[in-house]
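Shall we take a look together at how some of its helices and strands are arranged?

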Amino acid sequence: MPFFIPDEDESKYNDTIDLFNKLGKLERLSHEQGESLKEYELNRDNKTDFAIEMPSGHGKTLVGGLISEYNRINNNWRVVYACATRQLANQTHQLLDLYGISSVLLTGKGDNFSQIDLGKYQRSEAICVTTYGHIFNINPKFNDSNLIIFDDAHATEYAINDFWSVDINRHENSDIFEALVSTLGDSLSPNVYDKLIHGTYDPMTDGVDIVSFPQWYKKTDSIRSLLDSRTDDTKLYYPWSRIRNSLHSCQIFVNHSNIVIKPIIPPNKVHQAFVNPQERIYMSATIGKSGELERMFGVQDIHYINKFSNHSNKVSGRRLIMFPEDHFEGEELERVLKETAIKSNRALILTPSRKSMRKVKEKKENLLPEFTLFENSDIEDDLTKFTDENNAILALTGRYEGIDLKGDECKLEIIHDLPVAISIEEKFLQDRLNATELLNSKLSTRIIQGLGRCTRSKNDSSVVLFTGKYVGYYLYKDEFINLLPADVHAEMNLGFNQIDFIKDVESWHTSIEEFNNGSENWKRVENHLERQESKLMEEKQMDPSNENAVQLYNSTNHEIEFIYNLWNEDYSKAHISANETLTKLGRNETLKGYRAWWNYLIACVSTLQRDEDKTRKYLTNSLNASDNKVWLDKRDISFNDEIQDEIYSEDLELQIERMSNYLKSFGDREKKFDKEWAKVIDGLRKKEAQFYEPALKSLGTILGFYAEKPPNEEGVPDGVWNINNTWISLEAKTNIEDEDAYIPLDDIRQVFVHKKWVKEKYNLENEEKVTLVMVCPKYKIKDTSQHAAEGIYLVSTEDIIELATKLEGVLRSGLNELKYGVKSNLRRLLISSLYEKHLTSEHILNNFTRKELAQLVD
């Protein structure tokens, strides 16, 4: 017969479990899988969004596949199963086939899709397995689906962030970047403008700034005209086309190399490929408790399904977690990292940003040039390129989910720079508003996800090293580590306990070898960990719900209402939603940074309503709620308003902010501070330039200056300290045998030419002052040198030591306040201490200019 006649009684299924039984591919569902499916079916009549939490290794792909196949067959739905990468999409496609579930794999460029397979999806004959990029796309291929499954849902934030962000990079889009800085002009606060123009953004201390909405919004037409004319034929074109007509819903963030324009919450419900489906399901090993999934996707009222204990083990296998930077430093640290990688053969390195990745690549080339480096793009389709290679490093940016390295494929993982903040607004909230409670839950989720990359089953094991930024700021604090599941908490504690026990390189390697070999010593450790896990599990179950997480979760719906009301230009409703958000956040002291943010957002709405009084009121509220007083442009605030804290000069506020961030970076690690501070003091007590000059730079940085040690070239100073309009050029002449000798004329002339170098290097105007300072133990010049010494000041090496000694007392007081006192008091303590010790930037400049070199003729 030349025609196919379909079965008129094509089978339907009673439910997803009936489907599983009739597929007959697997022996049974786990209890948690079955209960998750039942809860989904019980709630689907009144819910459209579901989050299903299943720890790694517990079969979430099967659950997602059964839901997909049931709806495809019973409801004739078009179903999209979206994954983070092509490699994971291929893996999911193979698993669905193993389960007897019909699917087609559609990845790569849409124009190259198999039309036969695309037709199967469109006719609901097969589930489409694809990548997130085909959902969050200006021209999505799947805007007609009835159901989307987001596998490893938290990994979607990168695709969503890129979709809604116009990210103008100073190096890749230099002409657009410079033109936009010029267009923004006086909309930029003076200290941000100076850092951009002079190139004095310090990535380690300056973080991310915001351009005040009340200042830049008046230039909306100019910004739109500029970007309309410059973004064609660039990768900025598509995200710009998404937001160009909705700039009233956006904020502008700035750092040393990027200007980013974006809405604070992605308005995904105005994107047809996302909003058209009747249901969306978010699959994850860890959902989180503070509403981060809702904020990430811009949706309200997600129904959470979790059939595992909240504090049960979320990560399969066993890890030996260690903190090498707390055991070693300098060359010994580099030796440990190098030898550990060599002994492990393969290593996975996870970083949160391209900046962190650049550092990792530089370090790899220096320490392990013989190792092959694989990056995100290299394993997009196939992980075996890495797992089949000896002496290999897989270094990934922003990939804390969706990498499965099992068994012996990779036994070493390095998490470099904690993924505290991925998007630029998260970095702003961390760096400027200290909104750590909002980010705690996200960070704990990312850490849990990251720790499971090399332990995919209960029998897997790996060594995990934490290095880089924010380790002390978060991991060493009880309030953060208590958020982690019992197994990870116990492993972290074990790592902390080794810091004072493992003192040498040999002991380090022995510990790792015993772990990897499962020695008798390790078995005793394993028994200890199991006891600790049980104890911690009981403690966590007895604890009441985290109040901060509950308040943040309760505010989520109002936050999301705010962004859609704002997008739709309903400013009155936006104001109401923001006020409701503030009400839900309450007066909780630990959430004050986030309250400051929402007061600022109401001021933005007031600007759109052209209500200047209300704008000033909420900006004042925002300033009062902020420990950091630098981030907010104060030109829109009347200081006759109710300012609760005294506001000091911009220089002092900036100095305090940078010193606070430095102190917070240590967390409770006083010994880490002791080591770093000893290195500074030892350097300042040495004569040799290779020790003294880096220590002088470190001293400036710790004091809150932008500090740089320029390259050792002729006519170049040994150091530059800057804060706003204060510029200090430092020439260190410390390697002196006879301190009673005259300062040579050549040394004096060398200092004099530095002024020109500094002005050219940092694009200073001619009238801007550069203070020339010579640091030298000598104390006199000949009269024949006087003419060349005009405008140069002398500071003795003992003066520098005295400065550092006074600073140490301030720093230790600050550390004690953070550890034992009230963290919000740190600002006041630092201000009073700097005044008392004469260590403000103004005092330092005055002290440095007390001795005019020309007056020291003997």
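A crossing of two helices is called right-handed if the near helix is turned clockwise from the far one by less than a right angle, and left-handed if it is turned anticlockwise. With that in hand, please keep in mind that this is a predicted model.

**Helices H29 and H35**

- Helix H29 (residues 650-664) passes helix H35 (residues 826-836) in a right-handed crossing.
- Their axes come within 10 Å and cross at roughly 115°.
- On the H29 side, the contact includes Leu652, Ile656, Met659 and Leu663, along with Glu653 and Lys664.
- H35 contributes Leu826, Arg827, Leu830, Ile831, Leu834 and Tyr835.
- By residue type, this contact divides into nine nonpolar, two polar and three charged residues.

**The open sheet**

- Seven strands make up an open sheet with parallel pairing, in the order S3-S4-S2-S5-S10-S1-S11.
- At the edges lie strand S3 (103-105) and strand S11 (303-306), each pairing on one side only.
- Neighbouring strands in the sheet are turned against each other by 20° on average, direction ignored.
- Helix H2 (residues 31-43) packs on the sheet, where it touches strand S1 (49-53), strand S10 (279-284) and S11.
- The direction of H2 makes about 160° with that of S11.

- Strand S2 (residues 79-83) pairs with strand S4 (residues 127-131) in the parallel sense, over four bridges.
- Within this pair, tyrosine 81 stands opposite valine 129 in S4.

How values were computed
Residues numbered from 1 in each chain as written. Predicted model: local features only at pLDDT ≥ 70, side-chain atom pairs only at ≥ 80, totals over all residues. Heavy atoms only, no water. Pairing = 2+ DSSP bridges. Helix = DSSP H or I, 4+ residues; strand = E, 2+ residues; numbered from the N terminus. Axes fitted to C-alpha atoms, helices over the stretch in contact; angles between N-to-C directions. Contact = heavy atoms within 4.5 Å. Nonpolar A, V, L, I, M, F, W, Y, C, P; charged D, E, K, R; others polar.
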